[in-house]
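Here is a short note for a colleague opening this structure for the first time. Please keep the sequence and the 3D view side by side while reading.

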Amino acid sequence: MDWDKLRIFHAVADAGSLTHAGETLHLSQSAVSRQIRALEESLNTTLFHRHARGLILTEQGELLFDATQAMNKRLDAASARIRDSEEEVFGDLRVTTTTGFGSLWLAPRLPHLYDKYPDLKIDLMLEERVLDLPMREADVAIRMKEPSQADLIRKKLMSVRMRLYADPKYLAENGTPETIEGLGKHRLICQNPNTPQVSAGLALIQQLLAVDSPSLLTVNNYFGVLQGVLHQLGIGILPDYVTEDFPDLVRVLPDLESVEVPVFLAYPEELRHSKRISAFRDFVEEEIIAYRKHMRELAHP
């Protein structure tokens with residue numbers, strides 16, 4: 001099917017007039033009319049009903065207009081991505097990360113990104129499942145281990161550790177354990193060991209679950225664990241980055257923690273020159289620098 005004729009058909013259908021379409025396309029009315037007739041002949045159908053007030057699409061014309069409209073949207077999206085990769089930071093950006101990191105660390109910092117790039121449209125996908133970046137299930141990912149998929153650009157952002165935290169009011173009422181065995185008098189709040197999670201966090205959970213505790217609350221993500229801790233349900237296993245935004249939490253058994261968990265940012269090789277990706281990467285790196293500085297200040301006031 002002739003692309004030029006489809007383009008002219010779409011303009012006529014959108015304007016409802018040969019004259020107005022011709023003005024938009026910088027063609028004469030007769031030239032537009034000839035192209036529409038040729039398209040109708042090639043399809044062996046009538047695309048427009050003609051009457052004194054203009055043109056109305058036939059049923060067959062409606063079908064074709066739906067198709068050309070979808071084509072136009074895809075072309076506009078492609079054009080936007082090309083402009084984005086060369087000039088501006090705007091448009092859709094699909095970001096995937098874990099529920100805990102996305103809700104507790106990333107989302108609270110997104111206002112800083114929107115302040116710089118108000119035309120970004122971010123789709124934040126929080127789930128433990130690793131999305132397929134080369135198959136474009138997402139544009140960029142922040143994961144708690146190095147991605148193994150091929151054709152990805154990856155960068156280590158930082159490391160985190162899982163530690164024990166409690167609300168000060170809970171500890172004032174229930175006491176602070178001095179040993180692992182002392183946890184047996186408290187309710188433990190942690191990720192369910194059967195849910196997808198990094199091995200470092202799982203190892204710490206399994207170690208603490210070996211302690212005979214009278215009560216247990218398991219949740220399938222760290223955001224839920226944090227809510228349990230904040231509502232004084234017990235002592236929770238949480239990543240250390242929560243202490244920046246929740247400085248009142250008290251660390252329990254300071255010598256007990258998981259091994260380091262690396263945090264990686266990754267995106268497909270084909271998006272190497274995308275301004276949206278670069279803007280997001282730079283934003284995350286700047287926030288991590290600020291986070292590290294703040295954590296150092298907390299450790300050495």
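1. Ground rules. This is a predicted model, where local features need pLDDT of at least 70, side-chain atom pairs count only at pLDDT 80 or more, and totals for chains, interfaces and linings use all residues. Residues are numbered from 1 along each chain as its sequence is written, and side-chain values use heavy atoms, with hydrogens and water left out.

2. Salt bridges overall. The whole structure holds 18 salt bridges. Each is a side-chain nitrogen of Lys or Arg within 4 Å of a carboxyl oxygen of Asp or Glu.

3. Arg-50 and Glu-40. These two form a salt bridge, with the closest N and O atoms 3.4 Å apart. Arg-50 sits in strand β1 (residues 48-51) and Glu-40 in helix α3 (residues 29-43), so the bridge ties together parts 10 residues apart in sequence. Helices (H or I, at least four residues) and strands (E, at least two) are DSSP runs, numbered from the N terminus. Arg-50 is partly exposed at 48% relative accessible area, whereas Glu-40 is buried at 11%. Buried means under 20% relative accessible area, exposed over 50%, and partly exposed in between (1.4 Å probe, protein chains only).

4. Arg-276 and Asp-139. Here the closest N and O atoms of the salt bridge are 4.0 Å apart. The pair links distant parts of the chain, 137 residues apart: Arg-276 is in helix α11, and Asp-139 is in the loop between β4 (120-126) and β5 (140-143). Both residues are buried. They also belong to a network of salt bridges with Arg-94, Arg-136 and Glu-270.

5. Glu-137 and Arg-129. Their side chains meet in a salt bridge at 3.7 Å, N to O. Glu-137 is partly exposed at 34%, and Arg-129 is partly exposed at 47%.

6. The positive patch. Which residues form the positive surface patch? They are Lys-156, Arg-292, Lys-293 and Arg-296. Helix α11 (residues 275-299) gives the most, with three residues. Arg-296 lies in that helix and counts as exposed at 52% relative accessibility. Patch members have over 30% relative accessible area and no salt bridge, and like charges are joined within 9 Å.

7. Glu-260. This residue lies in the loop between β11 (250-257) and β12 (261-268). Glu-260 is partly exposed, at 46% relative accessibility. Beyond its neighbours within four places in sequence, Glu-260 is in contact (heavy atoms within 4.5 Å) with Ser-159, Val-160 and Arg-161. Glu-260 and Val-160 are 100 residues apart in sequence, yet 5.7 Å apart in space, C-alpha to C-alpha.

Definitions and conventions:
Patches are made of residues with over 30% relative accessible area and no salt bridge: like charges are joined within 9 Å, nonpolar side chains (Val, Leu, Ile, Met, Phe, Trp, Tyr) within 5 Å. Accessible areas come from the Shrake-Rupley method with a 1.4 Å probe; for residues, only the protein chains shown count as cover. Lys and Arg count as positive and Asp and Glu as negative; His and the chain ends are not counted. The place of a charge is taken as NZ of Lys, CZ of Arg, CG of Asp or CD of Glu.
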